[in-house]
Structures are given as structure tokens and as C-alpha cells.
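Here is a friendly note to read alongside the model. The numbered points can be followed with the structure open.

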Amino acid sequence: MDAIFRSELGIELPTTLTPRVLNFFQRNTVEEVLHLFTSRVERSPNNIDRLAPLLLDEAQAGDVVARQIVREHGWILGQYALAAARRVGIERTAFTLVLAGGVLRHSSTLLADAIIESVRTTSPAVRPTRCRFEPIIGVLFSALEAATVAIDDDLLGKLIPTIPPSTLFSTAL
């Protein structure tokens, strides 16, 4: 949002995010979008997270501003991963970096690439991998472990067919 506001003011380069955001919020001008978020009369939209696929689309299409936002965010996410690795004593080792969640399912690899690049600054041997299941399934596994239920092939054979399709977790609009 800040990028389109700055672009409108000429502080930032023009961006293809502007028409996408205007269309998303069904507004005609950037000023109308700004008022949508600062109005004392209307409630601010609570669906701003749905802009992530638009951002990734435009970044993948080559928009300079969108690419910079994605790279910066990916870098920061990578730094969080490194902080976690440091806490458990695996930084600088060949640990597995699990990339999971709806945003990382987008066809663009820019965000994942930025995360991996960031992590590799101190952990060059990191092994990035995609998760077999959605992150929420990890919560289920944790609950089962807390209930001392063994997660074995038999249980997985019963559980896997009940997992909702990935489209339920899709970030596409």
C-alpha cells in the first residue's frame, strides 16, 4: 500500500501495482484507496492479505517496485529463519529449511529465492524443501503428539485422505 501511495506522489517509480490495487478495492484513484484506510466513517478493509498474490504476480511480471518489495520481505523472512536456527544451534549447518504456506505456493519463486538467499548468508549449505502438507497439518500432528498418539504409516494412511485439497489454502483470487 505504501508503495502505491509513494508512487502516486512521485517518490517511488510508477508501478503496475496501482491499477491492480485500485481494481481490488474497487476505487478509481489512489486517493480513494488512502481514504478507505484512513476514514473515520468506513471501517478499514480486513482483506489486505489478499493483495499478496497480486504483489507476486506483478513482481513475476517484472514490476521493479513489486520485485523490490518481495525481495525485501523475503530477506526479512530469511533473517527470522536464521534467528530460529541460531536459537536451536543449527545455524551454519546443512539444516533443512521448510518452505510452506499459501504465499509460497504461488507460481513465482521470487519470495522463496529471497528467503533462501538470506539464509545462505550464514548457512550456505541449507537444504530448502517444500512441505508435503499445509502448515495447519503440522498443528494437527503436534496435537496428536501431545495426546501421545503415534504418527505412523497406519495413521497417515487414514489421515491423508481426509486432508482438504490444496485449493482450500490457495492464495489465488
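A residue is called buried at under 20% relative accessible area, exposed at over 50%, and partly exposed in between, using a 1.4 Å probe and protein chains only. This is a predicted model, in which local features need pLDDT of at least 70 and side-chain atom pairs count only at pLDDT 80 or more, while totals for chains, interfaces and linings use all residues. Residues are numbered from 1 along each chain as its sequence is written, and side-chain values use heavy atoms, with hydrogens and water left out.

1. R92 lies between helix 5 and strand 1 (96-99); helices (H or I, at least four residues) and strands (E, at least two) are DSSP runs, numbered from the N terminus. With 61% relative accessibility, R92 counts as exposed. Its phi is positive, about 75°, although R92 is not a glycine.

2. Q26 is not a glycine, yet it has a positive phi of about 55°.

3. Now for two threonines. T122 is in the loop between helix 6 and strand 2 (127-130), and its relative accessible area of 18% makes it buried. Setting aside residues up to four places away in sequence, T122 touches L82, E91 and R92, where contact means heavy atoms within 4.5 Å. T18, in helix 2 (residues 17-24), is buried with a relative accessible area of 13%. Beyond its neighbours within four places in sequence, T18 is in contact with I4, S7 and V30.

4. At what angle do helix 5 and helix 6 pack? The angle between helix 5 (residues 64-87) and helix 6 (residues 110-119) is about 45°, and their axes are 7 Å apart. Axes here are lines fitted to C-alpha atoms, for helices over the stretch in contact, and angles run from 0 to 180 degrees between N-to-C directions. Helix 5 and helix 6 are therefore oblique to each other: under 35 degrees counts as roughly parallel, over 145 as roughly antiparallel, 65 to 115 as roughly perpendicular, and the rest as oblique. The contact includes R67, W75 and L82 of helix 5 and L110, I115 and V119 of helix 6.

5. Helix 1 (residues 2-9) and helix 3 (residues 30-38) form another pair, with axes that come within 10 Å and cross at roughly 140°. This pair is therefore oblique as well. I4, F5 and E8 of helix 1 meet V30, V33 and L34 of helix 3.

6. Finally, have a look at helix 7 (residues 135-146). At 1.5 Å a residue, its 12 residues should span 16 Å, and the end C-alpha atoms are 17 Å apart, which agrees; the expected span is 1.5 Å times one less than the number of residues. Which residues of helix 7 are buried? They are I137, F141 and L144, and they cover an arc of only 60° around the axis, which puts them on the same side of helix 7. That arc is taken from the directions from the helix axis to the C-beta atoms. An α-helix has 3.6 residues a turn, so residues three or four places apart point the same way.

7. The buried residues of helix 7 pack against helix 8 (153-159). On the face turned away from the buried side, helix 7 carries the exposed residues V139 and A146. Just after helix 7, T148 takes a positive phi of about 55°.
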